Amino acid sequence: MNEIELITQQTDNWVKKVIMKYNICPFARREVERGSIRYLVVEQIKVKLVLKALIEECQYLDAHPEHETTLFILPRGFEGFYTYLDLVDMANDALFDNDYEGVYQLAHFHPDYCFEDEPLDSAANYTNRAPYPTLHIIREASMELALANYNDPESIPERNIQFCERKGSEFFIKLLAECMGK
């Protein structure tokens, strides 16, 4: 297995063994079962090239409706959480500048994700921790439809935080290590 296949497999493990299994995203199971999640490992580390690849991926999704969503995985160059957050801001600006506002939205995940005003070791942070810095490109129309058919979607983040706090950080540290094959 080459490095890109390994990174893809580790991320797929995370989707199935964390996000889907523990219902962190109640919409993930359907897409996993349909095989409609695209995994794209982006090897660029320069912001300008990453943003170009992001827009190219949006164009790809435009042309390939069989892929509901893309996990845009950045294994190098954005290991620092604050550097990654800067990229997230620029990525959102790039969506706007390329007329993708209202078409796609980004969810973001990082191995060191930390919510504002939360301690770094808080279990709550695991709702957004992933094996690699990842931008999740979501079709807004699909998200609106899914939310319209979901009872009380506003409760999802709080429910996830409560679940993570009940399980504790050690549980998620072990679970993520398993996703990485450790």
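Is R34 buried or exposed, or something in between? Select R34 and you will find that it is partly exposed, with a relative accessible area of 44%. Here buried means under 20% relative accessible area, exposed means over 50%, and partly exposed is in between, with a 1.4 Å probe and protein chains only. Before going on, please note that this is a predicted model, in which local features need pLDDT of at least 70 and side-chain atom pairs count only at pLDDT 80 or more, while totals for chains, interfaces and linings use all residues. Residues are numbered from 1 along each chain as its sequence is written, and side-chain values use heavy atoms, with hydrogens and water left out.

**Stop 1**

Helices (H or I, at least four residues) and strands (E, at least two) are DSSP runs, numbered from the N terminus. E31 is buried, at a relative accessible area of 11%.

**Stop 2: a link between two loops**

Next, select R76 and E43, whose side chains meet in a salt bridge of 3.8 Å, N to O. R76 is in the loop between β2 (69-73) and α4, and E43 is in the loop between β1 (37-41) and α3 (47-63), so the pair ties together parts that are 33 residues apart in sequence. Both ends are partly exposed: R76 has a relative accessible area of 31%, and E43 has one of 45%.

**Stop 3: helix α7**

Now move to K174 and E178. Their closest N and O atoms are 3.8 Å apart, in another salt bridge. Helix α7 (residues 169-179) holds both, 4 residues apart, or about one turn of the helix. K174 is exposed, with a relative accessible area of 56%, whereas E178 is partly exposed at 36%.

**Stop 4**

Show the surface and colour K17, K21, R166 and K167, which form a positive patch. Patches are made of residues with over 30% relative accessible area and no salt bridge, with like charges joined within 9 Å and nonpolar side chains (Val, Leu, Ile, Met, Phe, Trp, Tyr) within 5 Å. K17 comes from helix α1 (residues 3-20) and is partly exposed, at 38%.

For the negative patch, select D86, D89, D93, D97 and D99. D99 is in the loop between α4 (81-97) and β3 (104-109), and is exposed, with a relative accessible area of 66%.

**Stop 4: the loop between β3 and β4**

What does the side chain of H110 reach? Zoom in on the loop between β3 and β4, where H110 lies. The H110 side chain reaches the backbone nitrogen of D112 at 2.9 Å, and H110 is buried, with a relative accessible area of 1%.

Last, select S122, in the loop between β3 and β4 (134-139). S122 counts as buried at 11% relative accessibility. Its side chain is joined to that of E118 by a polar contact of 2.6 Å. A polar contact is a pair of N or O atoms within 3.5 Å; within protein, one must be able to donate a hydrogen and the other to accept it, and residues adjacent in sequence count only if both atoms are side-chain atoms.

Key
Areas by Shrake-Rupley, 256 points an atom, 1.4 Å probe, with all protein chains shown as cover. Salt bridge = Lys/Arg side-chain N within 4 Å of Asp/Glu carboxyl O. Lys, Arg positive; Asp, Glu negative; His and termini not counted. Charge placed at Lys NZ, Arg CZ, Asp CG, Glu CD.
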